[in-house]
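Reader: Please show me the sequence and the model. I will then ask about them in turn.
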Amino acid sequence: MHKLAGSIIAILLIAGMAACNKAKSPDTVANDVAAARQKAAAQVADAQQSAGKTTDSAQAKVDDKEKDLNSAEAKGDYEVATAKAEGDHKIALEKCQALAGDAQQACKDKADANYDLAKANAKATLAAQKP
């Protein structure tokens, strides 16, 4: 009885792992990529709008506090870059869904690496712009 239960569990685990990197249909991938692009564009626009508001409020204090303005602009640039990186990451992951098996995993790994690099670049730019 225990061997049967163990065998069933092993089969379910193998079946579950095989489904993780299963390719989606081209139509499904195209729809998912389009949705991810639309969402990413909206998030970048929101970040740009938010950065503009931050810069506008800082502009009102520009008389004595030019440093505040520069800091607000740097933070706004960082937020926009981060939103763009997140959107690009989601789009890349959706494109990976068209692949199967190891190719899909390699695609996801590359998307993750590009995302990490973009975030690191945004942080470095922010640090360089701080007064």
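Predicted model: local features only at pLDDT ≥ 70, side-chain atom pairs only at ≥ 80, totals over all residues.
Reader: How does Asp 32 count at 23% relative accessibility, buried or partly exposed?
Author: Buried means under 20% relative accessible area, exposed over 50%, and partly exposed in between (1.4 Å probe, protein chains only). Because the relative accessibility of Asp 32 is 23%, this residue counts as partly exposed.

Reader: What kind of model is this?
Author: Residues are numbered from 1 along each chain as its sequence is written, and side-chain values use heavy atoms, with hydrogens and water left out.

Reader: What pLDDT does the protein average?
Author: Of the residues, 70% score at least 70. The average for the protein is a pLDDT of 79.

Reader: What pattern does the protein follow along the sequence?
Author: Helices (H or I, at least four residues) and strands (E, at least two) are DSSP runs, numbered from the N terminus. The protein has four helices and zero strands. Read along the sequence, the pattern is α-α-α-α.

Reader: Which element has the highest mean pLDDT?
Author: At the lowest end, helix H1 (residues 2-20) has a mean of 56. The highest mean among the elements is 93, and it belongs to H4.

Reader: What span should helix H4 have, and how far apart are its end C-alpha atoms?
Author: The expected span of a helix is 1.5 Å times one less than its number of residues. Helix H4 (residues 101-129) has 29 residues, so it should span 42 Å. This agrees with its end C-alpha atoms, whose separation is 43 Å.

Reader: With which residue does Lys 24 meet in a salt bridge?
Author: A salt bridge is a side-chain nitrogen of Lys or Arg within 4 Å of a carboxyl oxygen of Asp or Glu, and by this rule the count comes to three. Lys 24 is partly exposed, at 34% relative accessible area. At 3.1 Å from N to O, the partner of Lys 24 is Asp 32.

Reader: In which helix do Glu 79 and Lys 75 lie?
Author: The side chains of these two residues, Glu 79 and Lys 75, form a salt bridge at 2.9 Å, N to O. Glu 79 is partly exposed at 26%, and Lys 75 is partly exposed at 46%. They are four residues apart, about one turn, in helix H3 (residues 66-96), so the name asked for is H3.

Reader: Why can Asp 88 and Lys 84 be described as about one helical turn apart?
Author: An α-helix has 3.6 residues a turn, so residues three or four places apart point the same way. The side chains of Asp 88 and Lys 84 meet in a salt bridge of 2.9 Å, N to O. The relative accessible area is 39% for Asp 88 and 45% for Lys 84. Both residues are in helix H3, and their separation is about one turn because they are apart by four residues.

Reader: Which residues form a disulfide, and in which helices do they lie?
Author: A disulfide is a pair of cysteine sulfur atoms within 2.5 Å, and the structure holds one. Cys 96 and Cys 107 form it, with their sulfur atoms 2.0 Å apart. The pair ties together parts 11 residues apart in sequence, because Cys 96 lies in H3 and Cys 107 in H4.

Reader: Which of the two cysteines is buried?
Author: Cys 107 has a relative accessible area of 23%, so it is partly exposed. The other residue has a relative accessible area of 0% and is buried: Cys 96.

Reader: Which residues does His 89 touch, not counting those up to four places away in sequence?
Author: His 89 lies in helix H3 and is buried, at 15% relative accessible area. Contact means heavy atoms within 4.5 Å. Buried residues of H4 include Ala 111 and Tyr 115. His 89 touches Ala 111, Asp 112 and Tyr 115.

Reader: With which residues is Tyr 78 in contact, leaving aside neighbours within four places in sequence?
Author: Tyr 78 lies in helix H3 and counts as partly exposed at 23%. Its C-alpha atom is separated by 9.0 Å from that of Lys 119, 41 residues apart along the chain. The contacts of Tyr 78 are Ala 122, Lys 123 and Leu 126.

Reader: What percentage of the residues of the protein count as buried?
Author: Among contacts between residues at least 6 apart in sequence, 73% join residues at least 24 apart. The protein has 131 residues, and the share that counts as buried is 21%.

Definitions and conventions: pLDDT = per-residue confidence, 0-100.
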